[in-house]
Amino acid sequence: MRQVVFAAHFVCNRNGRDLIDYANIMRGAVEMGPPWIMRKGYFFKQLVNVNMFISQLGFCCVYFVFMADNLEDFFNNNTSIHLSKAVWMLLLLIPMLSICSIRRLSILAPFAMAANVVYVVAVAVVLFFFLSDLRPIDSLPWFGKATDLPLFFGTVMFAFEGVAVIMPIENRMQSPHSFIAWNGVLNSSCLVVLAIFSVTGFYGYLSLGNDVKDTATLNLPMTPFYQTIKLMFVACIMISYPLQFYVPMERIEKWITRKISADKQTFYIYFARYTGVLLTCAIAELIPHLALFISLIGAFSGASMALLFPPLIELLTSYAKNELTSGLWAKNILLLGFAIVGFTTGTYSALVEIAKTFSG
């Protein structure tokens, strides 16, 4: 993420621009690169755009499955309302279409802040549940199977769901330099997320072991206190959805404002937004297996956006600055190799497991 932001500053200064998105950072970096690649800037821009669309809309699909899983489990266990996961996804369309009508990030920001507070409280409660029922360390294997590593890689890469949102956030900050400082927004938020993921993952494993379901919230006790947590997570995800949805819609809106007359733009913008929500819901209906869906999206698009493109961008911008060193080459070749191995094995393993669930 830091590679992308620093490259954005260089490309903007070189091209005399104030704001730039991920795809145009890639284009600018390629056009500053060696002669054999300079003319392929537009191709790489669209390559990033395609991956960004797949990743962001894929995250939205996962959100639909997560919300439906938790709503189905909550109502099945606590009320007389028993609806299938598919029906819950259709019912979720009503609030999601409404929320995704909001086009400005500044309006979504206060809701996102409130959702973060609720999220931290909910995670704290889940962590309390884990800590209150820990298994002996010797009762669980310390290492998993090597064959499961590709699926694990995809699941971990899904955690980088915010990589495409970093430039829209920095572009709209009153003090953009606060974003990339050593104690700025990016480093601080990543440390907080790392701490939350590490602690809940470690103690969640000690508590649940291999009995964990696709999402640990489905393992919570059937008491009203713990069951309410599921609704809290659903509310948080409902706010996170339009934030992930914002990035691809921003690209579409820019295209609409360039290509379509002003009197028809509003209609086409909302048509694209509502079509996007319906599309993510339809895909979620087709692949309702949350864990496998997470692995697939993480390995395919998460790895590309977070591990594959940034090293390429840094190598190209360093070439333009005449700052390519052996250390820089080594670091980025290592990242690229890791990304390619994880991308291919993770995507293949997720597709194989999804095919097995449908054939079974």
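A cavity here is a set of grid points where a 1.4 Å probe fits but cannot get out. This tour of a predicted model ends at such a space.

**Whole chain.** Start with everything shown as a cartoon. The protein has 13 helices and zero strands, so colouring by secondary structure gives helices and no strands under the rule that counts DSSP runs. Turn the view along the principal axes: the C-alpha atoms fill a box of roughly 65 × 55 × 45 Å. The radius of gyration is 21 Å, which agrees with the value near 21 Å that a compact globule of 360 residues would have.

**Surface.** Of the 360 residues, 46% are buried.

**Contacts.** Next, show contacts between residues at least 6 apart in sequence. Of these, 78% join residues at least 24 apart.

**The cavity.** How many cavities of 30 Å³ or more are there? The count comes to one. The largest cavity has a volume of about 90 Å³.

Coloured by class, the lining of the largest cavity shows eight nonpolar residues, one polar and three charged.

**Helices around it.** Which helices each supply at least two residues of this lining? Select α2 (22–31), α3 (41–78), α7 (166–171) and α10 (224–259).

Technical notes
Residues numbered from 1 in each chain as written. Predicted model: local features only at pLDDT ≥ 70, side-chain atom pairs only at ≥ 80, totals over all residues. Heavy atoms only, no water. 1 Å grid on protein atoms, 1.4 Å probe; cavity = no way out; pocket = protein on both sides within 12 Å on 5 of 7 lines; lining within 4 Å. Points joined across faces, edges and corners; volume = space filled by probe spheres on them. Helix = DSSP H or I, 4+ residues; strand = E, 2+ residues; numbered from the N terminus. Nonpolar A, V, L, I, M, F, W, Y, C, P; charged D, E, K, R; others polar. Rg over C-alpha atoms; globule rule 2.2 N^0.38 Å. Buried < 20%, exposed > 50% of the residue type's maximum accessible area, 1.4 Å probe, protein only. Contact = heavy atoms within 4.5 Å.
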